[in-house]
Amino acid sequence: MNVLLKRTFLFFIPLLFLFQSCGIYSFTGASIPADMKTVSVQFFENSAPLVVPGLSQQFTEALKERIRNQSSLSITRDNADGNFEGRITDYSIRPVAVTGNEIAEATRISITVQVKFVNAVDNEYSFEQSFTRFKELPGSNVQAQEQSAIREINQLLTEDIFNRAFANW
């Protein structure tokens, strides 16, 4: 039984390295072209009617962090193989479940981001698209939960954007 295990191991390990190095497959599901080495992330301005201080910085850093954690791409300022830019177009807080006493039992925080991704290696994978995610919070005291909800929404948004750019979803 040990011999079979060793043979299987010796067969699959080189294949994993081959696929990983060729940009065909990665453990995150991303299919980043082998020629793509760098990416730049421009600052995402907040042009939403309801402006939350620091949201632009939080989102921009969350996108950079997603790229760092899920790819081997280097983040540069200029002349990158891929470029992300855009703006936050909407931030809203709305009640979604109102009781008979007109008190919100749940509130939805929603963020929409307009993203333009330019893939200089293969322009076929460039895109311009809006992404929206939300989080529902129990109760009416939104202020106590708002920052953690923003972090969670940013995680969801950056996952969607990363997948659109590099997993072709």
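1. **Basis.** This is a predicted model, in which local features need pLDDT of at least 70, side-chain atom pairs count only at pLDDT 80 or more, and totals for chains, interfaces and linings use all residues. Residues are numbered from 1 along each chain as its sequence is written, and side-chain values use heavy atoms, with hydrogens and water left out.

2. **Overall fold.** The protein has three helices and six strands. Both are DSSP runs numbered from the N terminus: helices are H or I with at least four residues, strands are E with at least two. Along the sequence the order is α-β-β-α-β-β-β-β-α. Of the 169 residues, 35% are buried. Buried means under 20% relative accessible area, exposed means over 50%, and partly exposed lies in between (1.4 Å probe, protein chains only). Take the contacts with a separation of 6 or more: 66% of them are between residues 24 or more positions apart. Contact here means heavy atoms within 4.5 Å.

3. **Helices α2 and α3.** Helix α2 covers residues 55-70 and helix α3 covers residues 146-166. Their axes come within 9 Å and cross at roughly 50°. That makes α2 oblique to α3. Axes are lines fitted to C-alpha atoms, for helices over the stretch in contact, and angles run from 0 to 180 degrees between N-to-C directions. Under 35 degrees counts as roughly parallel, over 145 as roughly antiparallel, 65 to 115 as roughly perpendicular, and the rest as oblique. The crossing of α2 past α3 is right-handed. In a right-handed crossing the near helix is turned clockwise from the far one by less than a right angle; anticlockwise is left-handed.

4. **Who makes that contact.** From α2 come L55, Q58, F59, A62, L63, R66, I67 and Q70. From α3 come Q147, I150, N154, Q155, L157, T158, E159, I161 and F162. The residues of this contact divide into nine nonpolar, six polar and two charged. Ala, Val, Leu, Ile, Met, Phe, Trp, Tyr, Cys and Pro count as nonpolar, Asp, Glu, Lys and Arg as charged, and the others, Gly among them, as polar.

5. **N154.** This residue lies in helix α3. N154 is buried, at a relative accessible area of 4%. Beyond four places in sequence, N154 is in contact with L55, Q58, F59, A62 and I111. N154 and Q58 are 96 residues apart along the chain, yet their C-alpha atoms are separated by 7.9 Å.

6. **S56.** Helix α2 also holds S56. The residue is buried, with a relative accessible area of 10%. Leaving out residues up to four places away in sequence, S56 touches F43, F44, E45, N46 and I88. For S56 and I88, 32 residues apart along the chain, the C-alpha separation is 7.3 Å.

7. **V113.** V113 lies in strand β5. Its relative accessible area is 0%, so V113 is buried. Apart from neighbours within four places in sequence, V113 is in contact with F44, F59, R87, I88, T89, Q129, S130, F131 and L157. V113 and F131 are 18 residues apart in sequence and 5.3 Å apart in space, C-alpha to C-alpha.

8. **S110.** Strand β5 (residues 104-119) is also the place of S110. S110 is buried, with a relative accessible area of 11%. Not counting residues up to four places away, S110 touches D90, Y91, S92, T132, R133 and F134.

9. **S92.** S92 is found in strand β4 (residues 82-98). At a relative accessible area of 6%, S92 is buried. S92 touches R108, I109 and S110, again not counting residues up to four places away in sequence. A polar contact of 2.7 Å joins the side chains of S92 and R94. A polar contact is a pair of N or O atoms within 3.5 Å; within protein, one must be able to donate a hydrogen and the other to accept it, and residues adjacent in sequence count only if both atoms are side-chain atoms.

10. N79 sits in the loop between β3 (74-75) and β4. N79 is exposed, with a relative accessible area of 80%. N79 has a positive phi of about 50° although it is not a glycine. E152 lies in helix α3 and is partly exposed, at 36% relative accessible area. E152 and R133 are 19 residues apart in sequence and 9.5 Å apart in space, C-alpha to C-alpha.
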